[in-house]
Amino acid sequence: MYRKIKCILSHTRNHTIPYFYKSVFYKRCTYAILFPTFLCIFLFTNTLAPCAEYKYTIYFYNPETNINNFASLKKEFDLYLSRFGGYQFQPFSEREIFEKLISEKKDGIFIISSWHYKQLRENISIEPILVAVSKNKSTCRRIFSTSRIINDISMLSGMNVASASSEDYTKNVLIQMFGENKGAVASSIKILSVPKEIDALMSVGFGMADAAVTTDSSLAKLSAINRKLHDTLKQLLISNETLLPIVAVPKPQDENHKKLAKIIKDMEAAVEGKNKLSMLGFDGWKILNASEKEYLEKQ
């Protein structure tokens with residue numbers, strides 16, 4: 001190949017060719033010689049380089065919240081986790097995809113709702129270690145609020161109910177609120193999905209929904225920002241107290257599981273970490289106590 005190029009170059013010296021084209025031609029010929037050399041050096045040095053550090057992952061799925069921008073959430077958490085080593089954050093919007101993936105994974109820990117944990121523990125060997133804290137509480141209640149006068153649960157049939165949680169989760173809460181014998185009423189409810197719980201309450205005020213399912217803390221927030229709307233709403237039903245989302249780890253744990261759990265636990269101590277937690281709707285984490293562990297193991 002080199003001889004051919006040399007022959008062509010010598011031939012061009014005997015002909016009148018504009019300087020610009022000669023310059024381009026010489027450059028291309030040089031690249032043709034040097035590129036394969038650099039390619040070989042690159043491939044050789046990269047085969048000698050050590051593999052990138054294996055990443056342990058925080059797998060996140062929470063049907064209790066409606067997060068719209070998963071790309072931004074992942075970017076922010078990955079940036080925060082990068083300072084601690086080879087860790088990453090992977091959020092999920094689809095329950096089926098999340099469950100299929102984590103059933104085969106041992107390379108990370110899970111941030112999940114306490115409701116979801118009770119279902120997962122039947123088929124996946126995981127252990128709860130932390131619970132989220134919001135406003136100094138690790139529990140919440142779901143409240144069914146409406147502006148209508150309801151004398152019988154059957155009158156709720158076919159209603160539009162606003163919720164910031166997944167349809168699956170909301171229906172489960174409604175069944176628990178209405179009672180098992182009113183399952184048909186709960187099934188007939190149409191769920192209006194909204195970004196935030198405050199939007200669910202506002203939807204009732206604007207007539208877009210007949211009722212809303214939210215946490216008690218969201219009603220307190222509405223009282224502060226729109227007292228008039230708050231006073232028109234009637235709290236028809238209140239759920240049992242439930243734990244906020246938890247952190248669970250696979251069994252058996254290894255050192256990376258423990259390190260990653262500590263990173264999560266310590267997030268609230270740093271301003272940047274606290275800001276990231278607020279994107280998930282929490283203020284921080286605490287270690288599960290005996291009664292909270294007992295709650296999680298109950299059917």
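Begin by selecting Pro252, which is found in the loop between E12 and H11, where H labels helices and E labels strands, taken as DSSP runs (H or I over at least four residues for helices, E over at least two for strands) and numbered from the N terminus. The model is a predicted one, in which local features need pLDDT of at least 70 and side-chain atom pairs count only at pLDDT 80 or more, while totals for chains, interfaces and linings use all residues. Residues are numbered from 1 along each chain as its sequence is written, and side-chain values use heavy atoms, with hydrogens and water left out.

Staying at Pro252, show the bond to Lys251, because a cis peptide bond joins Lys251 and Pro252, with omega at about -10°, whereas most peptide bonds are trans.

Of its 299 residues, 41% count as buried, where buried means under 20% relative accessible area, exposed means over 50%, and partly exposed lies in between (1.4 Å probe, protein chains only).

Now select Leu280 and Trp285, the residues with the most contacts inside the largest nonpolar core, which has 28 residues; such a core is a set of buried Ala, Val, Leu, Ile, Met, Phe, Trp, Tyr and Cys residues joined through side-chain atoms within 4.5 Å. Among the elements that give two or more residues to this core are strand E1 (56-61), helix H3 (70-81) and helix H12 (271-280). Apart from it lies another core, of 18 residues, including Val161 and Val213. Around Leu280, and leaving out residues up to four places away in sequence, the residues touched include Phe60, Phe77 and Ile111, a contact being heavy atoms within 4.5 Å.

From Leu280, move to Asn62, which is 218 residues away in sequence and 9.0 Å away in space, C-alpha to C-alpha. Asn62 lies in the loop between E1 and H3 and counts as buried because its relative accessibility is 5%. A polar atom of its side chain lies 3.0 Å from the backbone nitrogen of Glu64.

Then pick Ser145 in strand E6 (residues 142-146), which is buried, since its relative accessible area is 0%. Leaving out residues up to four places away in sequence, Ser145 touches Leu201 and Leu219, among others.

The axes of H8 (residues 197-205) and H9 (residues 216-225) come within 9 Å and cross at roughly 65°, each axis being a line fitted to C-alpha atoms over the stretch in contact, with angles that run from 0 to 180 degrees between N-to-C directions.

Finish at Lys135, in the loop between E4 and strand E5 (139-140), and at Asn136, found in the loop between E4 and E5. Phi is near 55° in Lys135 and near 65° in Asn136, although most residues other than glycine have a negative phi. Lys135 is exposed because its relative accessible area is 64%, and Asn136 is exposed at 78%.

How values were computed: A polar contact is a pair of N or O atoms within 3.5 Å; within protein, one must be able to donate a hydrogen and the other to accept it, and residues adjacent in sequence count only if both atoms are side-chain atoms.
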